[in-house]
Amino acid sequence: MSDLSVDPAFKIVPKGAECFLIWRIENFSPVAVPRDKYGSFYDGDAYLVLSVKRSAGAFSMCVHYWIGEKATQDESGTVAIKAIELDDYLGGTPVQYREVQGYESKVFLNHFKGGINYMAGGAASGFTHVENTIKPRLMHVKGKSCPRIKEVS
């Protein structure tokens, strides 16, 4: 994948170096999480976690996409798509892991030696929400073969 077609948030990934980076999905885009917030996850959000380590002269890469128990469908779908995009950007080398709140893999948990903090809340959904308000109405129906319907105020 060329640098032009990749999400700008992924351009901070250093090529040929160890790194550990986390992004949170906000309005269909990955947003870098500050380092002091690593290990804290909102249950209403979805996150991408990239781990690049050097071992025996080669790099091992892991891309985890974490989905909170109250994450919306747009966040869950976006994080899966962005995980593939990040994987492609890194040449298809990373191993991908799908992580669900409360059922994280040991590989994922080993990245957070201080533990994981689940927090209530999260970023607003990227979808436009429509309020369904039901207004009771009284209708007058007259006729059999060609009914005429009139709302009574």
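Tutor: Start with D43. It has a relative accessibility of 8%, so D43 counts as buried. Here buried means under 20% relative accessible area, exposed means over 50%, and partly exposed lies in between, with a 1.4 Å probe and protein chains only. This is a predicted model, in which local features need pLDDT of at least 70, side-chain atom pairs count only at pLDDT 80 or more, and totals for chains, interfaces and linings use all residues. Residues are numbered from 1 along each chain as its sequence is written, and side-chain values use heavy atoms, with hydrogens and water left out.

The partner of D43 is K70. The two form a salt bridge, with the closest N and O atoms 3.9 Å apart. A salt bridge is a side-chain nitrogen of Lys or Arg within 4 Å of a carboxyl oxygen of Asp or Glu. This pair links distant parts of the chain, 27 residues apart. D43 lies in the loop between β3 (40-42) and β4 (46-55), while K70 lies in the loop between β5 (58-67) and α1. These labels come from DSSP runs, numbered from the N terminus: helices are H or I with at least four residues, strands are E with at least two. D43 is buried, whereas K70, at 56% relative accessibility, is exposed.

Now turn to K82. Its side chain meets that of D7 in a salt bridge, 2.8 Å from N to O. K82 lies in helix α1 (residues 73-89) and D7 in the segment before β1 (19-26), so the pair ties together parts that are 75 residues apart in sequence. K82 has 12% relative accessibility and counts as buried. D7 is buried too, with a relative accessible area of 12%.

K82 has another partner, E85. Their side chains meet in a salt bridge at 3.1 Å, N to O. Both residues sit in helix α1; they are three residues apart, so about one helical turn separates them. K82 and E85 are both buried. Shared partners join D7, K82 and E85 into one network of salt bridges.

Step back to the charges overall. The structure holds five salt bridges, including those described here. The protein has 18 positive and 17 negative side chains, and the centres of the two sets lie 10 Å apart. Lys and Arg count as positive, Asp and Glu as negative; His and the chain ends are not counted. Each charge is placed at NZ of Lys, CZ of Arg, CG of Asp or CD of Glu.

N27, in the loop between β1 and β2 (29-32), has a phi near 50 degrees, a positive value in a residue other than glycine. N27 is exposed, with a relative accessible area of 53%. A56, in the loop between β4 and β5, has a positive phi near 55 degrees, and is not glycine either. A56 is exposed at 88%.

The protein has two helices and nine strands, in the order β-β-β-β-β-α-β-α-β-β-β from the N terminus. Its C-alpha atoms fill a box of roughly 85 × 35 × 25 Å along the principal axes. Of its 153 residues, 37% are buried.
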